[in-house]
Amino acid sequence: MDRGMPGFTELRYRMKVAPTNPQPAPTDPHAGDNAELLGPCTRYTVNFSLATDGLTLVPGPDGVRRGNIEVALVAYSQEGKPLDWEVRTIGIAIKPEQAAIADSSGIPFHFDIDAPPGDVYLRTGIYDASSSRAGTLEIPLSTVAMAQR
């Protein structure tokens with residue numbers, strides 16, 4: 001998950017990154033796991049849509065397909081210093097009546113993360129330990145700010 005690493009494309013996903021609106025108050029809890037992140041930050045909401053192909057989802061006796069993925073978000077400085085991060089495991093359960101929508105539109109989920117102003121890059125990654133497949137994507141957050149104007 002280091003900044004600038006080549007991307008992995010075994011798991012496909014789309015993501016939409018936008019500043020949270022409204023922004024939290026300065027006294028609100030921080031979004032992300034870097035407890036030492038200080039100063040003014042912008043909170044970003046990262047919406048994911050994960051394609052089901054490539055995932056190992058095991059069908060249960062009730063017909064529900066289940067699996068776990070690990071999702072990581074890291075905000076980096078231009079020099080590659082991690083500024084804020086989140087790594088979470090998500091349990092997936094797709095009921096038979098949800099399968100067609102999940103297979104055609106993807107599995108939706110989202111995270112919030114805080115990043116300081118400046119030349120900051122957001123690298124995201126999804127890993128399925130059952131299949132040993134991964135997908136990653138990195139974007140400069142400055143492009144998000146420009147798109148909001």
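This is a predicted model: local features need pLDDT of at least 70, side-chain atom pairs count only at pLDDT 80 or more; totals for chains, interfaces and linings use all residues.
**Entry on Thr45.** I began with Thr45, which I found within strand β2, the run covering residues 42-50. Looking at its side chain, I noted a polar contact with the side chain of Thr20 at 2.9 Å, and another with the side chain of Asp112 at 2.7 Å. When I set aside the neighbours within four places in sequence, I found Thr45 in contact with Lys16, Val17, Ala18, Thr20, His110, Phe111 and Asp112.

**Entry on β3 and β4.** Next I turned to strand β4 (residues 65-77), which pairs with strand β3 (residues 58-59) in the antiparallel sense over 2 bridges. In this pairing I located Val58 opposite Arg66 of β4. The hairpin of β3 and β4 has 5 residues between the strands, and there I noted that Gly63 takes a positive phi near 85°.

**Entry on β4 and β5.** I followed β4 to strand β5 (residues 82-94), with which it pairs in the antiparallel sense over 12 bridges, and I saw Glu70 standing opposite Thr89 of β5. Here the hairpin has 4 residues between the strands, and Gly80 takes a positive phi near 95°.

**Entry on β4 and β7.** Which residue of β7 stands opposite Ala75? I first checked the pairing itself, and β4 and strand β7 (residues 120-128) are antiparallel over 8 bridges; the residue opposite Ala75 is Leu122.

Definitions and conventions: Residues are numbered from 1 along each chain as its sequence is written. Side-chain values use heavy atoms; hydrogens and water are left out. A polar contact is a pair of N or O atoms within 3.5 Å; within protein, one must be able to donate a hydrogen and the other to accept it, and residues adjacent in sequence count only if both atoms are side-chain atoms. Contact means heavy atoms within 4.5 Å. Two strands pair if DSSP finds at least two bridges between them.
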